Amino acid sequence: MALTDVKIRNTKPGAKPIKLSDSEGMYLLINPGGGKYWRLKYRFEGKEKVLALGTYPQVPLAEARDLMRAARKELRNGVDPGAARRAQKSAREQRAANSFEIVAREWWERFKPTWTEGHAQTILARLEQNVFPWLGGTPIGEIEAPELLAVLRRIEARGALETTHRVKTICGQVFRYAIATGRAKRDVAADLKGAIPPAKGRNHAAITEPKEVAPLLRDLDAYQGGFVVRCALRLAPLVFVRPGELRQAEWSEIDFEAEQWNIPAQRMKTKAPHIVPLATQALDILKELQPYSGTSRYLFPSGRSFDRCMSENTVNAALRRMGYDGDVMTGHGFRAMARTILDEVLQIRADYIEQQLAHALRDPNGRAYNRTAHLAERRKMMQTWADYLDGLKAGAKVLPFKREA
């Protein structure tokens, strides 16, 4: 007789498994532990097989019969329902393994060693906040341009146009990685060229007029905050490195004898080692700082722990405290200050300046300059620059810009 819900509920587990037959090979298996499992016994190509149809009561009797009839229909069409289920499961697992998020995280892990720690975290945060919630679970090979555009439009709607373009670039890199690893056929990010308004260029705020630089330098010397921060502020205009390179500076990189700072490749944006010649003024600041933080790995340790460098916002926050808003001066602005005045006031050769700024330069043969290129000339330039800044602080006559007509 066919099964009923009443019979299923009234049948209690025994010491051995119990089979309650229904029809056409379907039965309910009741284990001693109380679990109830729908099973379908069938034959395919002369072999007896069993197909799982779910558990009771999650799969009620009527639904189990529907599943049984569907399996019987597959048999009539010459399909093994068990093999079909396994193939479907494998396809689902493969789709999940090739989802945008899985591929993107794999790409990120592979290229993370080539980036600075801050840059790597920024990329991952942009994906986690802007892309994964909407496209993360979709197989990367199935994503079409309109779907990616819809994600980018959400960012654009927030007014973050620059972030929109950066996320589009990151997605393009992920798609190209997927193509290289055989999981996508096309970079759909490239199909969106012209679909997003261009972002307006935004430079880091900087003071570049010598008459305005002078009071800034005096303010840096008179900073009333922490000693470590004051040293960082005073050193920043003398070395004009990127803010991350400054705050992560380590004592092992400072060569007092050679009077230079050797920054390793892994901490440089260009991924090439860099030499910063140290003027006497810069060396004096370091010698003043060393008794305080010399036992730390970092020149500028965090106020909370000598095991960490100071945070990325420390210098900018100090400038704000002194009254320099973000649209007037930033920690990155010391680079623009040096670039402008060295070129337009002190008339230093542009290639010396660019080399010292650690920009990606090429020689006439297309080869990248090595870190010692123009080192002697750069030493003279850095000392000239430091002396010029001292003159500004002391109230020396300010030279006008020598701009071209």
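Reader: Which residues of helix 5 are buried?
Author: In this predicted model, Ala120, Ile123, Leu124, Leu127 and Asn130 are buried in helix 5.

Reader: Where do they fall, seen down the helix axis?
Author: Within an arc of 165 degrees, so the buried residues line one face of helix 5.

Reader: Why would residues three or four places apart point the same way?
Author: Because an α-helix has 3.6 residues a turn.

Reader: And which residues are exposed on the other side of helix 5?
Author: Glu117 and Gln129 are exposed there.

Reader: What covers the buried residues?
Author: The cover includes helix 4 (100-111) and helix 6 (132-135). Helix 7 (145-157) and helix 8 (161-180) are also part of it.

Reader: How many residues does helix 5 have, and what does it reach end to end?
Author: Helix 5 runs over residues 117-130 and has 14 residues. From first C-alpha to last it reaches 20 Å, close to the 20 Å expected.

Reader: New topic. Where is the cis peptide bond?
Author: It joins Tyr56 and Pro57, with omega about 10 degrees. Pro57 sits in the loop between strand 4 (47-55) and helix 2 (61-76). Most peptide bonds are trans.

Reader: What about phi at Gln347?
Author: Gln347 has a positive phi of about 60 degrees, though it is not a glycine. Its loop lies between helix 14 (333-344) and helix 15 (350-356).

Reader: And Ala358: what is its phi?
Author: Positive, about 60 degrees, and Ala358 is not a glycine. Ala358 is in the loop between helix 15 and helix 16 (375-393).

Reader: Is Ala358 buried or exposed?
Author: Ala358 is buried, at 7% relative accessible area. Gln347 is partly exposed, at 47%.

Methods
Residues numbered from 1 in each chain as written. Predicted model: local features only at pLDDT ≥ 70, side-chain atom pairs only at ≥ 80, totals over all residues. Heavy atoms only, no water. Helix = DSSP H or I, 4+ residues; strand = E, 2+ residues; numbered from the N terminus. Expected span 1.5 Å × (residues − 1). Buried < 20%, exposed > 50% of the residue type's maximum accessible area, 1.4 Å probe, protein only. Arc of directions from axis to C-beta. Contact = heavy atoms within 4.5 Å.
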